[in-house]
Amino acid sequence: MLTLFLLLFSKKNLVFDWEDATNFFLLFYFLFLMRLYDDLQNSNTDSDKKNRIYTDSKARKNLIVLLAILLVPFLFLVYQFKIELLLYVIGFFVINHVLYFLLFPVRNFKSYLPLLKYPLVSIALLGEFNWACIALFLAMIVFEIIEDAQFPIEIKYAFPFAVISMYLLIPNLFIYYFILLLVVLSITLFLIKRKTKRSPYLFLLLFLFTRLITITYVI
């Protein structure tokens, strides 16, 4: 579902072709690699959690080898798809690893590092940087605040982050978009206040819905 969410969010218009199928597969592959990478980076901090195979030292070594093996065909597929994209992908993996090495032990940075991939995925799919990429990063922070009680930002800050993320999706504040913003923020506040197991996922759905409206209805 996350793959589909990112693919839809990162489209400039709701026109689909075979390239979207390729993007979906590569994105799914990339997210799987990053999930495995993030788990391995958290192997020590998650050592007290049950049923986590990556916390076992022997299993961790095998998973590192598996990650390296899986990375090779992924890079080859990216090369076959778009040669110019390969350098950006390699650059991301290198910079991301350096950031983990430098910032993971520092205070609460380890909670934010896994979220960096989302705006960068959006930039890669869009082929450019825009405010929606920052909005996506902030929305993922809201998701984590609502979903994870251990996230370093208190729940009271979820709505302000949500306001900024939704506002960045709105191209202007003409009456149509202003009403849209009021509606989605009202629903967002309700979801945050209610805070059920479905709340973070419903927020992302609402966030995506807002994005799709803004790219299909231009004033």
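**Notes on the predicted model**

1. Apart from its neighbours within four places in sequence, Thr3 makes contact with Phe24, Leu27, Phe28 and Leu31. The model is a predicted one, and Thr3 sits in its helix H1. Is Thr3 buried or exposed? Its relative accessibility is 5%, and because buried means under 20%, Thr3 counts as buried.

2. Helix H2 covers residues 18-41. Its 24 residues should span 34 Å at 1.5 Å a residue, and the end C-alpha atoms are 35 Å apart, so the two values agree. At the start of H2, the backbone nitrogen of Glu19 has a side-chain oxygen of Asp17 within 3.0 Å.

3. Helix H3 takes in residues 57-81, which is 25 residues. From first C-alpha to last, H3 reaches 36 Å, close to the expected 36 Å at 1.5 Å a residue.

4. Which residues of H3 are buried? They are Ala59, Leu63, Leu67, Phe74 and Val78. The packing partners of these buried H3 residues are helix H2 and helix H4, the latter running over 83-103.

5. The largest pocket has a volume of about 1400 Å³. It is lined by 39 residues, and those closest to its centre are Arg35, Tyr118, Phe143, Glu144 and Glu147. Two or more lining residues come from each of helix H1 (2-9), H2, helix H5 (109-112), helix H6 (117-126), helix H7 (131-147) and helix H10 (199-216).

6. Which element gives the most to the lining of the largest pocket? That is H2, with 7 residues. By residue type, the lining of this pocket divides into 22 nonpolar, 11 charged and 6 polar.

7. For the second largest pocket, the volume is about 880 Å³. Its lining consists of 34 residues, and Leu85, Val121, Ile123, Ala124 and Leu125 lie nearest the centre. Helices H2, H3, H4 and H6 each supply at least two residues of this lining.

8. H4 gives the most to the lining of the second largest pocket, with 9 residues. The lining of the second largest pocket divides into 21 nonpolar, 8 charged and 5 polar residues.

Terms used: Residues are numbered from 1 along each chain as its sequence is written. This is a predicted model: local features need pLDDT of at least 70, side-chain atom pairs count only at pLDDT 80 or more; totals for chains, interfaces and linings use all residues. Side-chain values use heavy atoms; hydrogens and water are left out. Helices (H or I, at least four residues) and strands (E, at least two) are DSSP runs, numbered from the N terminus. The expected span of a helix is 1.5 Å times one less than its number of residues. Buried means under 20% relative accessible area, exposed over 50%, partly exposed in between (1.4 Å probe, protein chains only). Contact means heavy atoms within 4.5 Å. A polar contact is a pair of N or O atoms within 3.5 Å; within protein, one must be able to donate a hydrogen and the other to accept it, and residues adjacent in sequence count only if both atoms are side-chain atoms. On a 1 Å grid over the protein atoms alone, a cavity is a set of points where a 1.4 Å probe fits but cannot get out, and a pocket is an open set with protein on both sides within 12 Å along at least five of seven lines; lining residues have an atom within 4 Å of a point. Grid points are joined across faces, edges and corners, and a volume is the space filled by probe spheres set on the points. Ala, Val, Leu, Ile, Met, Phe, Trp, Tyr, Cys and Pro count as nonpolar, Asp, Glu, Lys and Arg as charged, and the others, Gly among them, as polar.
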